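Please open the structure in your viewer and keep the sequence beside it.

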Amino acid sequence: MVTKQFSGSPDETDLRRADSLAREIFSDVANKWALLIIEALGDRTLRFSEVLKEVDGISHKMLTQNLRMLERNGLVERTVYPTVPPRVEYTLTEPGQGLRGTVHLMCDWTQQHLGHIEEARGRFPS
């Protein structure tokens, strides 16, 4: 994957531009698995298997891909301990914690409006 480099251009911060760095980052982190992983980690440090248990329905492959992407974007820190077998832990970085606040608000919003959304969906055929 080719990652864009930030050169300071205002165009790179414009989410509306398909070629912007901001859009690339937004596209990475604005997926259900990334958001659920961020919420699951919270203030804790978890091992891979613990994150897998916390995020119901995620596959091993999808968790691996999303943890790598979150680490590449500086939102998750991965620590490997030189043991046999190797012990690997994940924790949110400061920017990851900042995003977690937004994710938490989205979770609250979803719970608050669940009934309304379910009612609206009921008006449309499946």
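The tour goes from the whole chain to its sheet, and then to a helix and the loop before that helix.

**Before selecting anything**

The model is predicted, so to speak of local features requires pLDDT of at least 70, and side-chain atom pairs count only at pLDDT 80 or more, while totals for chains, interfaces and linings use all residues. Residues are numbered from 1 along each chain as its sequence is written, and side-chain values use heavy atoms, with hydrogens and water left out.

**Stop 1: the whole chain**

Five helices and three strands make up its secondary structure; helices (H or I, at least four residues) and strands (E, at least two) are DSSP runs, numbered from the N terminus. Read from the N terminus, the order of elements is α-α-β-α-α-β-β-α. Along the principal axes, the C-alpha atoms fill a box of roughly 55 × 40 × 25 Å.

Now display the surface. The accessible surface is about 8900 Å², and 55% of this belongs to carbon and sulfur atoms; the areas come from the Shrake-Rupley method with a 1.4 Å probe, and for residues only the protein chains shown count as cover. Of the 126 residues, 29% are buried, where buried means under 20% relative accessible area, exposed over 50%, and partly exposed in between (1.4 Å probe, protein chains only).

**Stop 2: the sheet**

Select the three strands. They form an open sheet in the order β1-β3-β2, with antiparallel pairing. The edge strands are β1 (46–47) and β2, each of which pairs on one side only. Two strands are said to pair if DSSP finds at least two bridges between them. Strands of a sheet pair through backbone hydrogen bonds, either parallel or antiparallel.

Together they form a hairpin with five residues between the strands. Which residue of β3 stands opposite valine 76? It is leucine 92.

Then select threonine 91, also in β3. Its side chain makes a polar contact with the side chain of threonine 45, at 3.4 Å. A polar contact is a pair of N or O atoms within 3.5 Å; within protein, one must be able to donate a hydrogen and the other to accept it, and residues adjacent in sequence count only if both atoms are side-chain atoms. Beyond residues up to four places away in sequence, threonine 91 touches Arg44, Thr45, Leu75, Val76 and Glu77; contact means heavy atoms within 4.5 Å.

**Stop 3: helix α2**

Select residues 32–41, which form α2. Is this helix mostly covered or mostly open? It is mostly covered, with seven of its ten residues buried. Among them are Trp33, Ile37 and Leu41. After the helix comes glycine 42, with a positive phi near 50°.

**Stop 4: asparagine 31**

Finally, select asparagine 31, in the loop between α1 (21–29) and α2. Asparagine 31 counts as partly exposed because its relative accessibility is 23%. At the start of α2, one of its side-chain oxygens reaches to within 2.9 Å of the backbone nitrogen of tryptophan 33.

The side chains of asparagine 31 and asparagine 66 make a polar contact at 3.2 Å. These residues are 35 apart along the chain, and their C-alpha atoms are separated by 9.3 Å.
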